[in-house]
Amino acid sequence: MVISSYRESGDDILVKATLEGDQNAFREIVSRYRKMVARTVKGMLGDTVYSEDIGQEVFIKLYHSLQEFRGEAKLSTYIQKIAVNLTLNEIKRRKRFFSMFTHKGSDELYEYDVADDDYAGKNDVRELVSKALMQIDPKFRSIVVMRMLQGYSTKETSEILSLPVGTVLSRLSRAQEQLREILKNQR
Amino acid sequence: MKNPDIFRLITSPPVEKQESVEDETNIKDIMSFDFSEGFEDKVLARINSGNEVYGRTYAIEKSLSLAFYRIAFTAAAAVVILLLSIYLKEGSFSFDLLLGIGDIDSESIVCLLTGN
């Protein structure tokens, strides 16, 4: 059965229709969760051209792994897990790749991109927070993005990142210490 | 929302204890991101084309890998041709022949190296 518009449909219907081969249903999933994925990927990588690619990879991986989705967790949580894993892999991959050519880590390179290309002249809050996020350790950054930017609870964050609740809380606390230090001159 | 407000929210202790839903909404609104126009089409196009592994992100590394394989295969082919030409010319292989010193005896090498 092909439905032209899935706007009102629940996630379970969209997943079922996608598995039956209806790409309009998958288009609706992408449309529904693209902003959520963008907040995770761009929050962790910075608002660069690379983030768009990783965003696409997230949905491509989702498309191929939908058969494994049992519906035990929410679809949004499942997508978040994919987004976080791919983004952390990308950070590691780029760090390895760029370390062959420069002493700079990938994060510093991203910071350079952000400052020079995407945010030039936009001295707003988002820019300042994004730049501050790029300066903290990726494992802390993922916690801040899930907890503060996406608004997940500590328990949900621990599920998405596959970490104990205590680790989430301690990393969040350390991340906020670092952010406080970085942002104190921006007030 | 002014800078100090968002900075306070993002650096304050876990939200369950002290912040309101309104504050969380404010952070989400300010830190909202999106992908470019036609994002859905790009995702579906990559799924349908089968070009799923390599996006722009991997283009440079893929090019370097391709260049490496081309150079490596060419170099391997050159070594095979060299070995073949030595074999056809000399009728056998030896370490000296591979080094290009098959016709030189050890005394000549000593003379050449010491200058005497």
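How many helices and strands does the secondary structure of chain B come to? And which residues of α7(A) and α8(A) meet?

Reply: This is a predicted model: local features need pLDDT of at least 70, side-chain atom pairs count only at pLDDT 80 or more, and totals for chains, interfaces and linings use all residues. Residues are numbered from 1 along each chain as its sequence is written, chains are lettered from A and ligands numbered from 1 in written order, and side-chain values use heavy atoms, without hydrogens or water.

Chain B has 7 helices and 0 strands (DSSP runs numbered from the N terminus: H or I of at least four residues for helices, E of at least two for strands). From the N terminus, its elements read α-α-α-α-α-α-α. Of its 116 residues, 22% are buried (under 20% relative accessible area, with a 1.4 Å probe and protein chains only; over 50% is exposed, in between is partly exposed). Its accessible surface is about 8200 Å², and carbon and sulfur atoms hold 61% of that (Shrake-Rupley method, 1.4 Å probe).

Now chain A. It has 9 helices and 0 strands. Buried residues make up 52% of its 187 residues.

Next, the part you asked about. Helix α7 of chain A covers residues 138-149, and helix α8 of chain A covers residues 154-161. Their axes come within 9 Å and cross at roughly 135 degrees (lines fitted to C-alpha atoms over the stretch in contact; angles run from 0 to 180 degrees between N-to-C directions). So α7(A) is oblique to α8(A) (under 35 degrees is roughly parallel, over 145 roughly antiparallel, 65 to 115 roughly perpendicular, the rest oblique). The crossing is right-handed (the near helix is turned clockwise from the far one by less than a right angle).

From α7(A) come Ser142(A), Ile143(A), Met146(A) and Arg147(A). They meet Thr154(A), Thr157(A), Ile160(A) and Leu161(A) of α8(A) (contact means heavy atoms within 4.5 Å). By class, this contact has 4 nonpolar, 3 polar and 1 charged residues (Ala, Val, Leu, Ile, Met, Phe, Trp, Tyr, Cys and Pro are nonpolar; Asp, Glu, Lys and Arg are charged; the others, Gly among them, are polar).

Follow the chain on to helix α9 of chain A, residues 165-183. The axes of α8(A) and α9(A) come within 9 Å and cross at roughly 105 degrees. So α8(A) is roughly perpendicular to α9(A). Thr154(A), Lys155(A), Thr157(A) and Ser158(A) of α8(A) touch Val165(A), Val168(A) and Leu169(A) of α9(A). That contact has 3 nonpolar, 3 polar and 1 charged residues.
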